[in-house]
Amino acid sequence: MGMGLAVYPICPLLFSVAKHSRQIFTRAVVKASSPPKSCFFRAVKSYPTTPLRHCNYSHGEAGVGVVPEWKKGLEEERYLECCMPYGMKKKHSLRVAVLLSGGVDSSVALRLLCAAGHSCTAFYLKIWFQEDFENLWSACPWDEDLSYAKSVCDEVGVDLQIVHLTDEYWKNVVSHIISEYKSGRTPNPDVLCNTRIKFGAFLDFINNMDFDYVASGHYARVKHTSVECETKCSVLHLSADEVKDQTYFLSHLSQEQLRKLLFPLGCMSKEEVRNLAAEMGLPNKDRRDSQGLCFLGKVKFSEFVARHIGEMEGILLEAETGDFLGKHRGFWFYTIGQRQGLRLPGGPWYVVAKDAENNVIFVSRNYFSLDKKRRSFHVSSLKWILCAPPEDPEKLQCKVRHGPKFYDCHIEIVKGNLYKENEHQILGETAQEIAIVRLSEDDQGLAAGQYVAFYKGNICLGSGIIIDSWGDHNFPVCSKALEIARMKDKSELREPVKIKNLSDNNSKMKPNNGKIISEVEDLNSTNFLSN
């Protein structure tokens, strides 16, 4: 027996509005931007797009309209609220392009959009770049994703199209990431992917297909003022799940981009989404959430960087003493606040500064010392979703990384000439203004190249890119260490010094507590640094 709807019971809220779902689009001709290798062709051949047809919901032997136990007591609006633009009548059918990855979140989002009566077409964004990693896998790494995406679409009669954005992803994301690492900064690939690919190149691709909105499985919420009023702004709100909330990754979108988006999962928690997936009988209901860089598949980012930037041996110096402690693979593998990958005894050791010109990493065991405050930094490439800076910049909140942690902060907009122009062209843009950000408390993991997202209550206002992580005071690196870093012939250093363990009574050299240590371990977990 095939993978039919009798085997996988569908959420009953889909049935009452099934008659409103329809497909009115002709098939788009999807062309690869550059000739992909065999892996791409295998994927297309194995998963041909389904012919366009109306959504087809059945309810097995129970019959249409029978409400199972899980649905009793739950309101239909509880699930469909974020599928309908603010102010729109409930059963008004929209033409929605749905980004489908093969994961649970986007699959549930697709089902909810169909339940809301929208005409949906699913799109799988396939990126295949630099096939020099092909021999690392026994099978194409995207086969499984496409298989699940195809199954999810087949169950509800939704067309699945594959969009190949190889050149766009390489040019706008990957090459930029490599350039940033070479410059000693730590970029955020997920923000770039959302801004430049998912809601950038893809929006350009479907521009002439007459879709009303584009939807994805992001945990965020967009409130559109009115579909008739083009002059009023759409607003990005926090999702109902403060842990999974992904507004940080969406904070650099423009108003033009945001106005076209729907996030059906913004009104519910991850646990609720998992429960819905189970009750809907989704074929991927037990799939784990993806981890790692957007579209890199099974390649570790450190492996990718090593392949495309290479390795260059450098030295590790203690910031306070200038002692030669050991060697490293290249400064681009490390970011400020990093602890893992240093392989030094007597720690914990932390990266506190980098000399990109001389390929030197400065480390310290005194990273958490109370005299080294980290609550002030500069930000460039500011982008305000509501098209203007906040009216009350002294009473804001911000996130300096993805996660539930907020800081109270205030910002001061200053002239861009505080920095040389090339120091704040991080996104290939000419920055018009720079902000000084002051946090309410210290943060130990600020890194140049990362984003800071600004909030007013539950509204995301926009974001910028951190230029420096210490404000007016860099971590103090002694003159001896700086002198050694500038040495042309570092072979004169001979053997590294023998590191002694910290004594138990030397508490000022130790982190404040185990909680902070474990927190810093995860500060830059999305940066895909070397292990």
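This report walks through the ring contacts, sheets and helices of one predicted model.

Since the model is predicted, local features need pLDDT of at least 70 and side-chain atom pairs count only at pLDDT 80 or more, while totals for chains, interfaces and linings use all residues. Residues are numbered from 1 along each chain as its sequence is written, and side-chain values use heavy atoms, with hydrogens and water left out.

**Aromatic rings**

A pair of aromatic rings is described by the distance of the centres and the angle of the planes. Here, rings of Phe, Tyr and Trp (its six-membered ring) pair if their centres lie within 6.5 Å; planes under 30 degrees apart are stacked, over 60 edge-to-face, and the rest tilted. By this rule the count is nine aromatic pairs.

Helices (H or I, at least four residues) and strands (E, at least two) are DSSP runs, numbered from the N terminus.

Elsewhere, ring pairs tie Phe-123, Phe-202 and Phe-211 into a cluster. There's also a charge over a ring (NZ of Lys or CZ of Arg within 6 Å of the ring centre and within 35 degrees of the ring normal): Arg-329 lies over the face of Phe-333, 4.0 Å from the ring centre.

**Strand 12 and its partners**

Two strands pair if DSSP finds at least two bridges between them. Strand 12 pairs antiparallel with strand 15 (residues 433-439) over four bridges, and Ser-376 stands opposite Arg-438 there. Strand 12 also pairs antiparallel with strand 17 (residues 459-468), over five bridges; in strand 17, Ile-465 is the bridge partner of Ser-380.

Five strands make an open sheet with parallel pairing, in the order 3-2-1-4-7. Its edge strands are strand 3 (159-164) and strand 7 (261-262), each pairing on one side only. Within the sheet, strand 1 (residues 95-99) and strand 2 (residues 119-126) run parallel and are joined by five bridges, with Arg-95 opposite Ser-119 in strand 2.

Helix 3 (residues 104-115) has 12 residues and spans 17 Å from first C-alpha to last, close to the expected 16 Å (1.5 Å times one less than the number of residues). 12 of the 12 residues are buried, so helix 3 is largely enclosed by the rest of the structure; Asp-105 and Arg-111 are among them. Just after helix 3, Gly-117 takes a positive phi of about 90°.

In helix 9 (residues 270-280), the buried residues include Lys-270, Val-273, Leu-276, Ala-277 and Met-280. They cover an arc of only 120° around the axis, which puts them on the same side of helix 9; the arc uses the directions from the helix axis to the C-beta atoms. Gly-281 follows helix 9, with a positive phi near 70°.

Technical notes: Buried < 20%, exposed > 50% of the residue type's maximum accessible area, 1.4 Å probe, protein only.
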